[in-house]
Amino acid sequence: MSRSEENVDLFVVGNDNRVWSQFWSADWFPVPGGAVFEKGRPVTASSRVPGHLDLYVVGNDSHVQTTYWSAETGWAADWFAVPGQAVLDKRQRVTAVSRRGNHIDLFVLGADHHVWSTYWHHRALQFRLRYFIEKESTDDLLQGGDDEVYVSALGVDSASVVARPDGTYGADVLRGGEIGDVSSDDVRDPWRDRPHVLMEFDIDRPGPWPRSYTTTLLVIEHDDGDLRNGFDTLYGAFGTQIRDAVVKAASTTGAVIAGPLVAGAIGALAGDVFDAVNEKTRSGLADESFTPIPITLHADGPEQFARHASVERRLTQKVEQFGGFYEILYDWHVG
């Protein structure tokens with residue numbers, strides 16, 4: 001199995017009945033976990049995306065066991081059973097097929113001599129742009145014609161807030177790509193039929209519920225400044241502010257933070273502190289950078305997305321500052 005162009009990974013059940021692995025230019029090592037299998041049992045490896053491996057073996061209980069490796073987190077702590085009650089022939093090899101990066105199909109010959117199948121589908125919550133309306137530009141007569149409007153975002157999933165062994169807290173802040181010129185028909189018109197994914201959150205990520213997902217919009221009306229430097233400045237200033245606020249909120253709870261507290265911490269940045277940081281940021285730019293806008297979705301549990309009032313609905317966010325007036329049409333989508 002190849003997880004990248006530079007790697008070849010091998011897997012086999014060893015003499016100690018554990019799965020052993022070896023990759024190009026490395027020695028053999030046991031895959032972590034306490035699961036044991038009969039020698040000669042077929043091991044199936046699948047790579048659905050670069051930097052990720054999934055292993056499958058029919059266990060001694062005649063159910064499929066699996067574990068995984070990720071470039072970000074390494075090996076899972078232990079093997080676990082693929083859900084389902086089907087009883088399988090322990091001698092059979094599991095076949096794994098990935099039609100796309102977020103989907104895996106498994107096939108194996110059952111004890112009844114029929115082919116059995118199951119699947120795994122990764123669900124993601126997407127913040128998508130549907131359209132952009134420019135009702136009033138920030139331009140004046142001295143600035144000339146309409147400027148280009150660029151949009152990006154920062155994202156925080158409350159499940160990313162973790163308590164470290166030393167008692168401190170950490171939180172991930174996701175960074176979205178820049179999109180522009182969103183005031184151009186060529187850019188925004190295609191979104192009517194195919195919304196643009198600006199931010200994506202992993203619904204299946206382990207963590208406490210209720211949970212919050214916050215997309216903080218960054219908007220720059222481009223005049224004659226360095227756009228790349230402008231967004232880097234915003235990412236640096238507000239990404240740090242968001243992370244600090246979330247971590248501070250977590251530290252006051254004495255435990256891993258719940259979703260609404262994360263959203264509250266980010267939302268508070270829209271007040272005086274956020275405005276002060278934004279003014280300092282804008283002073284070093286020739287472009288107009290608008291005060292970032294946090295938009296949050298709360299969910300009590302993963303089952304709520306199917307009936308959530310704000311999911312799969314077209315929503316509108318108004319942006320009014322510096323004489324400019326825009327409307328951003330967006331939605332939250334589960335896919």
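**Figure 1. An open sheet of three strands with antiparallel pairing.** The strands follow the order β1-β2-β3. Here strands are DSSP runs (E, at least two residues), and helices are DSSP runs of H or I with at least four residues, both numbered from the N terminus; two strands pair if DSSP finds at least two bridges between them. β1 (9–13) and β3 (29–30) each have a single partner strand and stand at the edges, so one side of each lacks a neighbour in the sheet. Five bridges join β1 to strand β2 (residues 19–23) in the antiparallel sense. Within this pairing, L10 has Q22 of β2 as its bridge partner.

This is a predicted model, in which local features need pLDDT of at least 70 and side-chain atom pairs count only at pLDDT 80 or more, whereas totals for chains, interfaces and linings use all residues. Residues are numbered from 1 along each chain as its sequence is written, and side-chain values use heavy atoms, with hydrogens and water left out.

**Figure 2. Confidence along the protein chain.** pLDDT is the predictor's confidence in each residue, from 0 to 100. Its mean for the protein chain is 86, and 93% of the residues reach 70 or more. Among the elements of the chain, helix α1 (residues 185–188) has the highest mean pLDDT (95) and strand β14 (residues 162–163) the lowest (78). Over residues 140–145, pLDDT stays under 50, and the model has four contacts (heavy atoms within 4.5 Å) beyond four places in sequence for them. Where pLDDT is low, the predicted coordinates should not be read in detail.

Figure 3. Helix α4 (residues 272–283) has 12 residues and reaches 17 Å from its first C-alpha to its last. This is close to the expected 16 Å, a span defined as 1.5 Å times one less than the number of residues.

**Figure 4. The surroundings of T291.** T291 lies in the loop between β19 (288–289) and β20 (293–299), and is buried, with a relative accessible area of 12%. Apart from neighbours within four places in sequence, T291 is in contact with D275, N278 and Q321. The C-alpha atoms of T291 and A270 are separated by 7.5 Å, although these residues are 21 residues apart along the chain.

Notes. Buried means under 20% relative accessible area, exposed over 50%, partly exposed in between (1.4 Å probe, protein chains only).
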